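Open the model in your viewer and keep the selection panel at hand. Each stop below tells you what to select and what to look for.

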Amino acid sequence: NIIVNAGSNGIFCDERYTPGEGFKFVNNTIINPKMDGIRLYAELVPMNAIVNNIIANPGTYASYSGSRITDDYFLYLVSPDVNVVMDNNLFVRTEAEIQFVDATKDNYRLKPGSPAINFGRDISKYQIEEDFYQAERLKGTAYDVGASEF
């Protein structure tokens with residue numbers, strides 16, 4: 001998925017509907033959400049996975065205080081009781097850091113030299129064989145992060 005300028009959180013998830021072992025958010029690109037990148041209220045499922053996602057410029061950046069930390073703007077867990085595996089996500093302050101081909105024209109493919117290239121974790125177990133643009137997933141030495149494969 002490519003989610004741009006969401007009016008609230010890029011992704012909001014709770015367990016009113018519980019898909020068995022847990023929720024999986026894999027290879028999404030979330031740009032400029034008004035609030036958090038991903039907000040996860042899923043304390044009752046055994047394990048959630050947030051893998052190979054790009055989250056850039058969450059609107060809540062630098063607005064939390066107290067026990068909340070910087071990464072909470074990108075990925076907000078309702079409590080420490082949320083079981084989640086987080087691997088190879090890119091949390092950046094600006095979309096320019098990712099080096100998209102042309103975000104102003106909604107082209108979120110990766111330019112050569114992008115930090116998302118070959119930074120991803122192996123996602124073969126999720127059977128995601130194509131990227132957002134229907135290109136083959138896994139071109140190169142490792143999976144790329146985000147919705148497009150370089």
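The tour goes from a sheet to aromatic rings and then to a pocket.

Bear in mind throughout that this is a predicted model.

**Stop 1: the sheet**

Show the cartoon and pick out strands S2, S5 and S8. These three strands make an open sheet, ordered S2-S5-S8, with parallel pairing. Which strands stand at the edges? Select 11-14 for S2 and 75-77 for S8: each has a single partner strand, so one side of each is left without a neighbour in the sheet. Now look along the sheet from one strand to the next: the twist averages 10°.

Next, select residues 38-41, which are strand S5. S5 and S2 run parallel and are joined by four bridges. To find one of the contacts, select Phe12 and look for its bridge partner in S5, which is Arg39. As background, strands of a sheet pair through backbone hydrogen bonds, either parallel or antiparallel.

**Stop 2: aromatic pairs**

How many aromatic pairs does a search of the whole structure find? The count is six. Begin with Tyr61 and Phe74, an edge-to-face pair with 6.0 Å from centre to centre and 65° between the planes. The two residues are 13 apart, and the pair links distant parts of the chain. Both Tyr61 and Phe74 sit in the loop between S7 (54-56) and S8.

Is Phe74 buried or exposed? Phe74 has a relative accessible area of 4%, below the 20% cut-off, so Phe74 is buried. Tyr61 has a relative accessible area of 30%, so this residue is partly exposed.

Then move to Phe132 and Tyr133. Their ring centres are 5.1 Å apart and their planes meet at 85°, so this pair is edge-to-face. Phe132 is partly exposed, at 41% relative accessible area.

**Stop 3: the largest pocket**

Keep Phe91 selected; this residue also lines the largest pocket.

Colour the lining by residue type to finish. Six of the lining residues are nonpolar, two are polar and three are charged.

Key
Residues are numbered from 1 along each chain as its sequence is written. This is a predicted model: local features need pLDDT of at least 70, side-chain atom pairs count only at pLDDT 80 or more; totals for chains, interfaces and linings use all residues. Side-chain values use heavy atoms; hydrogens and water are left out. On a 1 Å grid over the protein atoms alone, a cavity is a set of points where a 1.4 Å probe fits but cannot get out, and a pocket is an open set with protein on both sides within 12 Å along at least five of seven lines; lining residues have an atom within 4 Å of a point. Ala, Val, Leu, Ile, Met, Phe, Trp, Tyr, Cys and Pro count as nonpolar, Asp, Glu, Lys and Arg as charged, and the others, Gly among them, as polar. Two strands pair if DSSP finds at least two bridges between them. Axes are lines fitted to C-alpha atoms, for helices over the stretch in contact, and angles run from 0 to 180 degrees between N-to-C directions. Rings of Phe, Tyr and Trp (its six-membered ring) pair if their centres lie within 6.5 Å; planes under 30 degrees apart count as stacked, over 60 as edge-to-face and the rest as tilted. Buried means under 20% relative accessible area, exposed over 50%, partly exposed in between (1.4 Å probe, protein chains only).
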